[in-house]
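This report describes selected features of one protein model.

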Amino acid sequence: MSTSTLVRPLPASKRDRQGAIRDIVARESIASQRELADRLAARGFAVTQATVSRDIAELGLAKAWRGDRHAYVLADDLPRPPA
């Protein structure tokens with residue numbers, strides 16, 4: 001490889017990105033798609049609002065009270081109604 005050859009990192013896979021989203025919403029109170037996109041960018045994921053929106057839908061995230069505001073949560077973290 002010559003010194004003039006640029007090596008660019010491969011784009012993260014959808015699975016990697018969605019794994020990061022799961023981790024972020026499990027650890028932090030994320031109230032908006034913009035906040036989530038910012039957290040992903042801080043982890044090196046280049047995303048658009050449309051991509052974040054699709055990922056939220058595909059992961060089945062919902063908004064629930066978390067602390068003092070509504071925030072995204074994983075479906076597994078939602079309280080179950082009594083049987």
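Does Glu35 count as buried or exposed?

## Glu35

The model is predicted. In it, Glu35 has a relative accessibility of 18%. Buried means under 20% relative accessible area, so Glu35 counts as buried.

Glu35 is part of helix α2, which covers residues 33-42. Not counting residues up to four places away in sequence, Glu35 touches Ser29, Ile30 and Arg69.

## Nonpolar core

The largest nonpolar core contains 15 residues. Ile21, Val25, Leu36, Leu40 and Leu61 are those with the most contacts inside this core. Helices α1 (14-27), α2 and α3 (49-59) each supply at least two of its residues. The largest share, 4 residues, comes from α1.

For Leu40, the contacts can be listed by name. With neighbours within four places in sequence left aside, Leu40 is in contact with Arg17, Ala20, Ile21, Ile24, Phe45, Val47 and Val52.

## Packing of α2 and α3

Two packed helices are described by the angle between their axes and the distance between the axes. The axes of α2 and α3 come within 10 Å and cross at roughly 105 degrees. Angles of 65 to 115 degrees count as roughly perpendicular, so α2 is roughly perpendicular to α3.

On the α2 side, the contact is made by Gln33, Leu36, Ala37 and Leu40; on the α3 side, by Gln49, Val52, Ser53 and Ile56. Sorted by class, this contact of α2 with α3 has 5 nonpolar residues, 3 polar residues and no charged residues.

Note on methods. Residues numbered from 1 in each chain as written. Predicted model: local features only at pLDDT ≥ 70, side-chain atom pairs only at ≥ 80, totals over all residues. Heavy atoms only, no water. Buried < 20%, exposed > 50% of the residue type's maximum accessible area, 1.4 Å probe, protein only. Contact = heavy atoms within 4.5 Å. Core = buried A, V, L, I, M, F, W, Y, C linked by side-chain atoms within 4.5 Å. Axes fitted to C-alpha atoms, helices over the stretch in contact; angles between N-to-C directions. Parallel < 35°, antiparallel > 145°, perpendicular 65-115°, else oblique. Nonpolar A, V, L, I, M, F, W, Y, C, P; charged D, E, K, R; others polar.
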